[in-house]
Amino acid sequence: MKRLRIACVAALIAASVSVACKKERATEAPTQNEAAGAGGERGTIMVWPDEGFRYQAPKPGPTPKVTVPEPTLFKLDCGVTVYLVPRKTIPTVSLSLVFPTGSVIDPKGQRGLASACMDLLEQGTQSLDKPAFEARKADLAAGVSAWANAETSGVAMSSLHRNFGEAADLMLEMLERPGLRERDLQRLISRRKSNLEQNKAAPGALGGRLWRSILWGPEHPYGQLTTKAQYEAITVEGCRGWLNKIGTRGASMFVAGATTEAEIRTIFDARLGAWANDRSGRPRASVTSTPPPPAPRKGTLFFVDVPGAAQSQIYVGHPGPRRDAADYEATMLMAQVLGGGFSSRINMNIREDKGYAYGARARFSYRRSGGTFAASSSVRSDATAAAVTEMVSEIRTLRAEGVKPDELAREREGTLLALPARFSTASRVRSTYSNLVFFGLPLDYYDGFQKRVAAADESDLKRAADKYLRDGAYEILIVGDGATIRDSLRALVADGTLGEEGFVELDADGNVLSPGV
Amino acid sequence: MTEVPRIEYERYRLRNGMEVILHTDRTVPLVAVDLWYHVGSGNESPGKSGFAHLFEHMMFQGAKHIGADVHFDMLRKVGASSVNGTTNPDRTNYFEVVPSHHIETALWLESDRMGYLLDLLGEKSLNNQRDVVRNERRQRYDNVPYGKERFAVAAALYPEGHPYRYLTIGRHEDIEGATLADVREFFVKWYVPSNATLTLAGDFDLDEGRRLAEKWFGSFPEMPRPTTTPPAPPQLTQTKREVIDDGFARLTRLHYVWPSPKNLGEGEAELEILAQILGSNGWGRLHRLLVIDEELAQGVSAYQIGRGFSGEMHVVVSIKPGRTVEQVEPLVERVLQEIQREPITTTELNRVLNRSESSFVWGLEELLSRAERLQYFNHYTGDPGYASEYIETLRSRTPEGIRDVAARVLGKPRVEIVTRPAPKVAGSDAPKQAAG
């Protein structure tokens, strides 16, 4: 209370200063005196001011120089490259050990192996069963986890600095002496199978699952769907095999927070080396493979019926460039104008003008071996066909006409000014650098990035739109209420302008129900 | 025990009654601008459900000096991140993180919609946002598994006329019925300076922060802070059970809810602790028994939601395919009885305390979450720095006290909702679309 009263005095002093402060005025703005009393609407007694300075955007202060924090780099004895972002703002440490491989090496018929096996690591160690393992984590107030996605896998921990050593011990124990219990595996397989059933039952999740198989192709490592039968083929023995395919050579460790190189070495040097040694005592490297470019599924408009769906999930897309393409920045700026963020053309059209949806977007996505483009939205059922038409029209218009100067300015300036936010916390810096490492980009990438963004002009964006957006031959996926929308979707692809491969109705697993129009 | 770091701040009021909270941290050139209006869906009138949230959408549609529908556009251009607004039963917040040299851009936008929203208000944007909000409801509630369950819980707990009955998102017909007159009335009553708190957190000089708050908001008139009469807390005279069919759900789900203390009210800390003792992954008593030992459930969660008027204590069990409600319920009951009879162990209690303290520390990393924490405690306790007291409150709870609160809350009648998967009759509560 005392603090409050003192502050009020300060506010009054500040108030008297502001009376004298300079007013910036636009031409049509009334002077402050004229405006006084023109409060209007909000009651007869209260006066809302209408000072001149409100009539134009305030002039910003000088742009601060963007300092991109560089991580400290060193190698552990076992060959792991460590990217350390030391920051002591809060007394915490977060760390991930990343192996450069994942589900891309799942054997045929066992799609889901890598992911399930890393999940099995989280079920406990030889000496700690699942309840004891979770209790230990909770006692340390630490996160300890393991994961695998398409091209990376790894283990991670986060804790207060005072528990760093013990939390790291627990993470290492999980790697060195995993429980690998049959019962734990069966429990997590059963959970995955019912999650799969759940994902097939609702439009949003169903669409998300099928979309990559359509865009990349059902046989592609990024596109293959995990089925019930594949989950059932996963065994503890198979998981032992998977764990032998990850190793420290070529692995990276990303650390952020209140720690030092010396502390990290003390914890990890000896133990990580011992964990991943092969038979000759050398650190083992991870086994990986490089997937081919996307090979989209044959068809133009794929439809899955979910009777009674209140909205339709829509995807419109096609293959896109690689992340290391020289014109990445121009492509990104162009895609921002089309479908990135609230102000994008697609959102302003589908949401703010037509009111078809809560939101709509379009963007390029990148994986290590290639990229894709997709516009997406979840729209009111009766507006499904109209929304597809509008989304395609925005893609075609941008491709044909490019962006407007104010759109380019907004995205270019916005991107440059938003850079400090990307580096604002240790966690963000860590994820930014792990992303660069994933795509094989240099650590000083953001120097060049700033220059390339600043230099991008309308013709660069037009060229990117021409090169990477399509005018036709789209892949379209729609999940929604068949009784309401099926006929209008057939009509959409009847003239072949969206693509010549027709309407294909699928079941929830992506199997063809009715080919052709 | 960890010493939980404090967030240094200064709080004061402008002459018109608007509160200002300033927290400086010059580490990175960013400022989080976070404006709370102390009004939420809990202040809605009967028949106007969903209105506070629809109104929040209208706040992005433009104001006199900034122009129509340019809020996001202007903030994008200056490199802002985390631009949004949210509505809950108690408050509505609007926030953006801007590069510090653009702090005034954010204040310009925020002050304009506080002062001059009605100048640009029109039928067209209201019609559009009614559609957008109804789409938001479809996307988040009507078209997802267990969306129906959320409405069923609220309808069973709160009588007609209680503002929590139709959730913050509201009923389709009420959203559809909102008029321009409703928007004006709501704005005039609730969106007054004396009902708002502005928090600035990040890279600015304190004197400059005070000067800017005064420049953009200080000349607004002083108007009385609106008051509200809390509705009577829900009372269940007997347990209510309802079975609902959900076309999008694939697992049977058992959901118990008890009326409980309001946010930060007497006994709430005990329930927060209890929720973790019951539902924590692996070691939580219900989780361990049902998911790991007996393999009857696929997931268990337990949580206390404290709101301004009253609270809800939830226990939710997702039952494995092939297992039944009849198998699960006696075990749930056993654990619930046990926890009302026997004090928890100090090991369990310390585990929960460690976790709570640690999550407080992690919450300090982002400027916006610091601003939100100051706002949160200021809203509910009048003290932005209440976090330390709250941790102290948690630390001073005892196993016996927790048992007593468990008996007081969980020993009473409850709501029981059973959701059954209904594969062939998928559907939603959404009324049929008008043609066109």
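Q: In β6(A), which residue is the bridge partner of A:T81?
A: First, this is a predicted model, where local features need pLDDT of at least 70 and side-chain atom pairs count only at pLDDT 80 or more, while totals for chains, interfaces and linings use all residues. Residues are numbered from 1 along each chain as its sequence is written, and chains are lettered from A and ligands numbered from 1 in the order in which they are written. Strands (E, at least two residues) and helices (H or I, at least four) are DSSP runs, numbered from the N terminus. Look in β6(A) and you'll find that the partner of A:T81 is A:S252.

Q: In what sense do β2(A) and β6(A) pair?
A: Two strands pair if DSSP finds at least two bridges between them. Here β2(A) and β6 (residues 252–257) of chain A have six bridges, and the sense is parallel.

Q: How many residues lie between β1(A) and β2(A) in their hairpin?
A: β1 (residues 72–75) and β2 (residues 81–86) of chain A pair in the antiparallel sense over four bridges. In the turn, A:G79 has a positive phi of about 100°, and the number of residues between the strands is five.

Q: Why is one side of β9(A) and of β13(A) left without a neighbour in the sheet?
A: The open sheet of seven strands runs β9-β10-β8-β11-β7-β12-β13 in chain A, with mixed pairing. One side of β9 (357–367) and of β13 (512–514) of chain A has no neighbour because they stand at the edges, each with a single partner strand.

Q: Which residue in β13(A) stands opposite A:L506?
A: β12 (residues 503–506) of chain A and β13(A) run antiparallel, joined by two bridges. Opposite A:L506 stands A:V512.

Q: At about what angle does α12(A) run to β9(A)?
A: Axes are lines fitted to C-alpha atoms, for helices over the stretch in contact (C-beta atoms, placed from the backbone, within 7 Å), and angles run from 0 to 180 degrees between N-to-C directions. Helix α12 (residues 345–353) of chain A lies across β9 and β10 (370–380) of chain A, and its angle to β9(A) is about 155°.

Q: Which helix gives the largest share of the side of chain A that touches chain B?
A: The contact takes 78 residues from chain A and 82 residues from chain B. Nine residues on chain A's side, the largest share, come from the helix spanning residues 2–19, namely α1 of chain A.

How values were computed
Contact = placed C-beta atoms within 7 Å.
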